[in-house]
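Please open the model in your viewer and keep the sequence beside it. The tour begins at a single pair of residues and then widens step by step.

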Amino acid sequence: MKKIFIAVILIIGMCCSVFAQTNNTFFFFPFYSPDTSTGISLVDLLHFKNENHKFFSSLNIFAMGTFKNQFVAGIMPAVYFDNQNYLLEGKLVYTNFPKKFYGTGNRSSENNEEDFLNRKHGFGIALSRKIIKNLMFGIQYDCEDMTIQDTENNGILQHIKTNGVISGFGFKTKFDTRDSNIYPTKGVLAQANHILYNNRFGSKYNYSKTNFDFRNYFYVYKKKVLFSYQLFGEFINGNAPIQVMPALGGSNLLRGFYADRYKDNILLVLQPELKIKITNVIWLALFSGAGNVYSNTEDIDLTEIKTSSGVGIRIKIKDNPRMNFRIDFAASNEEKGTYFTLMEAF
């Protein structure tokens, strides 16, 4: 814990040292999703940058609680400095979150549903440097202490080792031509991350995690119809605990499925979204998604996918940078979901 508090002090201190024009916004709002039910979220968002800079630095301080006794709190800074040639990112998060587990694999059955308590705390830090225009490369460290509690008698989780510390070092790269890192309307984001968790770094589990995230944004009709899409993939190689396995579902990744409904070593998802301007404040969103999880690369079958689609409303609550309140109604071939939250899915 001492190391965690030292990391917090360093991160917050560096954030404060580079404040230029600060835009502080405090939100206290109710939200809803199928996996959390109704909850209350407190968010303090600080955005700041010099006038001649392209991207906003940010400090996100948040706490969330639900009527299912789920609780998450954390601090997540992302600070550009030295004329935006460097980017410092960090996280400090505590989670006490009752969830559901259905087993692993893309054919796991709802009949295997079991409840458990996912409790973890940890921190991470990453430092990236601009290599050429729009391209950054960096190193990162991630550490979490995880436990699964309140498992069901004779359930699957009672026979799976899920407790302990994960600790790993890795690298990340990002190519970003977007016009904004908060609410983009044009440009491309292509980023990849790789982390090796190993007992030489103090990790109980030995595995590696690699993910890539490609996003594209452009107007298809004047500035009234905005099209965007995201291609996301995540790969686990080795002995990873089930809490960190790639999973689909939730409010951001294949809306319409319960969060973590399907999980395995590999995740592939494609989701397009069309936003249509109704007024200066309200936009209509149409979205869909397709993806699946797989045990290994030999099992990848792009004809065997899970799909969802839906409609939503975006209500502008803030300018410079623009932020929306998001209401989404989504349906998959298994269930339906309604989501009330801040920010975009991607």
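Select F81 first, and you will find it opposite Y86 in strand β5. This is a predicted model, in which local features need pLDDT of at least 70 and side-chain atom pairs pLDDT 80 or more, while totals for chains, interfaces and linings use all residues. Residues are numbered from 1 along each chain as its sequence is written, and side-chain values use heavy atoms, without hydrogens and water.

Next, select the turn of the hairpin that β4 and β5 form, where four residues lie between the strands and D82 has a positive phi of about 55°. Colouring β5 (residues 86–101) together with β4 shows an antiparallel pair joined by nine bridges; strands count as paired if DSSP finds at least two bridges between them.

Now move to the other partner, strand β3 (residues 57–66), which runs antiparallel to β4 and is joined to it by eight bridges. Here S58 stands opposite A78 in β4, and in the four-residue turn of this second hairpin N69 has a positive phi of about 60°.

Stay with strand β4 (residues 71–81): eight of its eleven residues are buried, so the strand is largely enclosed by the rest of the structure. Buried means under 20% relative accessible area with a 1.4 Å probe, counting protein chains only.

Finally, select everything: the protein has one helix and 18 strands, taken as DSSP runs (H or I of at least four residues, E of at least two) numbered from the N terminus. Of its 346 residues, 50% count as buried, and the C-alpha trace spans about 60 × 45 × 40 Å along its principal axes.
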